[in-house]
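Subject: Model for you to look at

Hi,

Here is the structure I promised. Please open it before reading on.

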Amino acid sequence: VQLVESGGGLVQAGGSLRLSCAASGRTFSSYTMGWFRQAPGKEREFVAVIFRSGGSTYYSDSVKGRFTISRDNAKNTVYLQMNSLKPEDTAVYYCAADRSTIGHITTAQAMSTYAYWGQGTQVTVSS
């Protein structure tokens with residue numbers, strides 16, 4: 001599957017952005033989808049996940065209550081709505097996908113779980 005992110009840009013602190021990740025293929029609903037981010041000089045980190053089964057979600061503590069992950073299986077797209085943005089949210093945001101059965105939140109938070117990655121989209125939050 002190929003993943004293409006869009007929707008990044010420059011926004012002032014307190015503002016909002018919605019990222020999209022469009023997936024190729026006809027079995028999108030069978031993939032668990034995750035969002036990760038990588039700030040300059042830092043390791044890539046988990047942001048949010050939406051599971052293939054039931055669509056349950058989970059967030060990192062740093063974005064909980066501000067970000068919302070959702071999916072539209074008819075459009076083969078996963079979204080990340082980002083509200084109340086902070087300068088520390090500045091990063092390249094990546095979406096990731098995997099078809100395996102992910103049975104634990106710890107597994108869903110690990111980069112190594114995901115077989116497919118997008119190219120990333122830059123989000124810059126100015127203070």
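My notes on the fold and the cores follow.

This is a predicted model: local features need pLDDT of at least 70, side-chain atom pairs count only at pLDDT 80 or more, and totals for chains, interfaces and linings use all residues. Residues are numbered from 1 along each chain as its sequence is written, and side-chain values use heavy atoms, with hydrogens and water left out.

The chain has 1 helix and 11 strands. These are DSSP runs numbered from the N terminus (helices: H or I, at least four residues; strands: E, at least two). The order is β-β-β-β-β-β-β-β-β-α-β-β.

The C-alpha atoms fill a box of roughly 40 × 30 × 25 Å along the principal axes. Of the 127 residues, 45% count as buried (under 20% relative accessible area, 1.4 Å probe, protein chains only).

Now the inside. A nonpolar core here is a set of buried Ala, Val, Leu, Ile, Met, Phe, Trp, Tyr and Cys residues joined through side-chain atoms within 4.5 Å. The largest one has 28 residues. Met33, Trp35, Leu80, Met82 and Tyr93 have the most contacts inside it. Strands giving two or more residues to this core include β4 (32–38), β8 (77–82) and β9 (91–98). Another core, of 8 residues, lies apart from it; Phe46, Val49, Ile102 and Ala108 are among its members.

Take a look at Met82. Beyond its neighbours within four places in sequence, Met82 is in contact (heavy atoms within 4.5 Å) with residues including Leu17, Leu19, Phe67, Tyr93 and Val123.

Best wishes

How values were computed:
Buried < 20%, exposed > 50% of the residue type's maximum accessible area, 1.4 Å probe, protein only.
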